[in-house]
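Hi everyone, thanks for making time this morning. Let me put the sequence and the model up on the screen, and then we can walk through a few places together.

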Amino acid sequence: MLTKALPTTLTTAHLLRVGTALTLSAILFALAGCSSINELMAEGSKPPAIVNVATDQQPFYDALNSLILPPKSPQAAPQGIADGPYNGVMPEGEQFTTFVKNGYFDEFLVVYYPNFVTQLRTDLVNGLYHGWVTYRLSDSRIKQKVLFRQGGVQEAIVYNQAGNPEYHFWFTNEQPTSGMRYDNNGNAVESMF
């Protein structure tokens, strides 16, 4: 059973939501000890920059800004937590489990909705996101998948309500280098960049 409460005074690196999902924002504020999205954005990753966005490419830009991005530095565990498994509960009822190593969250991070559906799951290597991260809605539908290598985003897939890919982005040096838009059936219909 997950019973430890996560202190709300954490001021270390944290997850970043570039968009409007209130549940995830509450988690992020709790992890970061932030009281506003402005404070959260000041400490976390910035959304990818897109230069000369054409009017017809606005949907690509909107999809990029909806991505959930991690911090660029390891996430510190609350002070005084010994190395080993760590479980906690967020203020909104989301539970999480991770592993603490040398004062940092490491090896993995799993966040659950109050109905025990997995909200996100990621591997951590030296405290940084590494590998595919799947973000789900509370009804288990996939919202997005993002591939990270040592904390840097490499690839991202945003899914539509039907569970099919809607956008697929590839990144170099954390900047989008190409993108693809799909129709409601998951067929590629438009590319970007």
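Let me start with a question: does Glu166 count as buried, exposed or partly exposed? With a relative accessibility of 30%, Glu166 counts as partly exposed, where buried means under 20% relative accessible area, exposed over 50%, and partly exposed in between, using a 1.4 Å probe and protein chains only.

Two words on the ground rules. This is a predicted model, so local features need pLDDT of at least 70 and side-chain atom pairs count only at pLDDT 80 or more, while totals for chains, interfaces and linings use all residues. Residues are numbered from 1 along each chain as its sequence is written, and side-chain values use heavy atoms, with hydrogens and water left out.

Back to Glu166, which sits in strand E11. Helices (H or I, at least four residues) and strands (E, at least two) are DSSP runs, numbered from the N terminus. If we set aside neighbours within four places in sequence, Glu166 is in contact with Val158, Tyr159, Asn160, Met180, Arg181 and Tyr182; contact here means heavy atoms within 4.5 Å.

Now look across to Gln144. Gln144 belongs to strand E9, residues 142-149, and Gln144 is buried, at a relative accessible area of 1%. Not counting residues up to four places away in sequence, Gln144 touches a list that includes Ser66, Leu67, Ile68, Val158 and Tyr159.

Let's stay with E9 and look at its partners. Two strands pair if DSSP finds at least two bridges between them. On one side, strand E8 (residues 131-136) and E9 run antiparallel, joined by 6 bridges, and Thr134 has Lys145 in E9 as its bridge partner. The hairpin of E8 and E9 has 5 residues between the strands, and there Ser140 takes a positive phi near 80°.

E9 also pairs with E10, again in the antiparallel sense over 6 bridges, and Phe148 finds its bridge partner in Val153 of E10. How many residues lie between E9 and E10 in their hairpin? There are 2, and Gln150 in that turn has a positive phi of about 50°.

Next, the aromatics. Rings of Phe, Tyr and Trp (its six-membered ring) pair if their centres lie within 6.5 Å; planes under 30 degrees apart count as stacked, over 60 as edge-to-face and the rest as tilted. By this rule we get 7 aromatic pairs. Phe60 and Phe169 make an edge-to-face pair, with 6.3 Å centre to centre and 75° between the planes. Phe60 lies in helix H3 (residues 58-65) and Phe169 in strand E11 (residues 165-172), so this pair ties together parts that are 109 residues apart in sequence. Phe60 counts as buried at 0% relative accessibility, and Phe169 counts as buried at 0% too. Ring pairs also bring in Tyr167, giving a cluster of Phe60, Tyr167 and Phe169.

One last stop, for contrast: Gly80, in the loop between strand E2 (68-69) and strand E3 (84-89). Gly80 counts as exposed, at 83% relative accessibility.
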